[in-house]
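Subject: Handing over a structure

Hi,

I am passing on a structure for you to look at. Please open it alongside this message.

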Amino acid sequence: MKEVIKIALSATAIVAALTAAAGFAGYNMMNGFLRRHGTYDDDAPADKSYTSPEYYQRYLDEVAFNEGIQAEDWTIRSKDGLKLYASFVPAKGEAVRNIILCHGYHSSSRKDFGGILHYYYKLNCNLLLIEERAHRRSEGKYLTMGIRESEDIALWAHEMERRLGGSLPMYLHGMSMGAASVLMAQGEDLPKSLVGIIADCGFTTPMAIARAVMRKGMGPMTHIALPLVDIWARIKAGSSMSGKSATEILRKANVPTLFIHGTGDAFVPPHMTIKNYQACAAPKRICLVDGASHAMSWYYDTDKYKAALEGFFADLEAAR
């Protein structure tokens, strides 16, 4: 009987040790995935593997131009009390539209939008470059992959309308995590002047993109590790990665949406944008750029990207 008890205690100790180890590993993975990474270092120029080497110098030149544009600081408070920052860039001439630029994971709008920002600036658009929670100057220890960011974006949209009025058409343009966030914002209260949303290489759900990324490094262990990461996300970040689905929100969407994605994207699979596009109940368009890597559609086919934007703007603004 004593031997049975010893075996049972040993088994219990092993299970407890494994559980503790798994919990610690899940906590570390959650921290690596969702915790703030620095402050101003977030928007350092991307490396060549991110931008594609053939476009690297053009990208650096455009980011340098963006960094030289004079801007005014704006701040708001999030629903959970964080102080959030943005840079407002007024139109060079008479403004024709208001655009809020929403950057991706551990990045910034001056970096992610490169030549797109420069293009909008030349088109006389008022630009608001938001700094997502847990990025650059904005407060927060953890980002939430669009769950709370979508709420923040809706607040920024109301702030832009409050400051500038509602006479000009307003657009949200998101990149990667920012794209998923602007799609999720369709489930929030948005101002009347908001007429369109542009989502470049967005994902379907935070859980889906976490699974896709983790599979590359962990393979079949992902199905064990991911629930642990999500438990820690609930505890520390106050948000489950299953808290919102861009795809499900889009089934009830009413804001016209332009979807953009590069077919060579190895980070956010293009099928996620196609799935979101198919689910979207609002008037919609899709622009797939052959061979473009993650967030690089503008560089791979600038003319196609411009044509998609200009057709989208023309149709929506003619209807106003």
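This is a predicted model: local features need pLDDT of at least 70, side-chain atom pairs count only at pLDDT 80 or more; totals for chains, interfaces and linings use all residues.

The protein has 13 helices and eight strands. Of its 320 residues, 55% are buried. Among contacts with a separation of 6 or more, 76% are between residues 24 or more positions apart.

**The sheet**

The eight strands form an open sheet in the order β1-β2-β4-β3-β5-β6-β7-β8, and their pairing is mixed. At its edges are β1 (72–77) and β8 (284–289), each of which pairs on one side only. On average, neighbouring strands of this sheet are turned by 20 degrees against each other, with direction ignored.

Strand β5 (residues 170–175) and strand β6 (residues 194–200) pair in the parallel sense, over six bridges. Here methionine 170 is placed opposite leucine 194 of β6. Next, β6 and β7 also run parallel and are joined by four bridges, with phenylalanine 259 in β7 as the bridge partner of alanine 199. Finally, β7 and β8 run parallel with six bridges between them; isoleucine 260 has cysteine 287 in β8 as its bridge partner.

Is strand β7 buried or exposed? Strand β7 (residues 257–262) is mostly covered, with six of its six residues buried. Thr257, Phe259 and His261 point one way from the strand, while Leu258, Ile260 and Gly262 point the other way, and all are buried.

**Helices**

Helix α6 (residues 149–164) lies across β1, β2 (83–89), β3 (97–102), β4 (125–131) and β5, and runs at about 125 degrees to β1. α6 also meets helix α7 (residues 177–184): their axes come within 8 Å and cross at roughly 70 degrees. The two helices are therefore roughly perpendicular to each other. On the α6 side the residues involved are Glu149, Ser150 and Ile153, and on the α7 side Met177, Ser181, Val182 and Met184. By class, this contact has four nonpolar, two polar and one charged residues.

From α3, Glu62, Phe65 and Asn66 make the contact, and from α5 it is Gly114, Gly115, Leu117, His118 and Tyr121. Sorted by class, the residues of this contact are three nonpolar, four polar and one charged.

**Single residues**

Most residues other than glycine have a negative phi. With that in mind, which phi value does alanine 134 have? Alanine 134 is not a glycine, yet its phi is positive, at about 65 degrees. Alanine 134 is found in the loop between β4 and α6. With a relative accessible area of 0%, alanine 134 is buried.

Alanine 295 is another residue to check if you look at backbone angles: its phi is near 60 degrees, again a positive value in a residue other than glycine. Alanine 295 is placed in the loop between β8 and α12 (297–300). Its relative accessibility is 8%, so alanine 295 counts as buried.

Glycine 238 belongs to the loop between α9 (222–237) and α10 (246–250). Where the two alanines are buried, glycine 238 counts as exposed, because its relative accessibility is 56%. From C-alpha to C-alpha, glycine 238 and tyrosine 142 are 9.0 Å apart in space, although 96 residues separate them in sequence.

I hope this gives you a handy way in.

Best wishes

Note on methods
Residues are numbered from 1 along each chain as its sequence is written. Side-chain values use heavy atoms; hydrogens and water are left out. Contact means heavy atoms within 4.5 Å. Ala, Val, Leu, Ile, Met, Phe, Trp, Tyr, Cys and Pro count as nonpolar, Asp, Glu, Lys and Arg as charged, and the others, Gly among them, as polar. Buried means under 20% relative accessible area, exposed over 50%, partly exposed in between (1.4 Å probe, protein chains only). Two strands pair if DSSP finds at least two bridges between them. Axes are lines fitted to C-alpha atoms, for helices over the stretch in contact, and angles run from 0 to 180 degrees between N-to-C directions. Angles under 35 degrees count as roughly parallel, over 145 as roughly antiparallel, 65 to 115 as roughly perpendicular and the rest as oblique.
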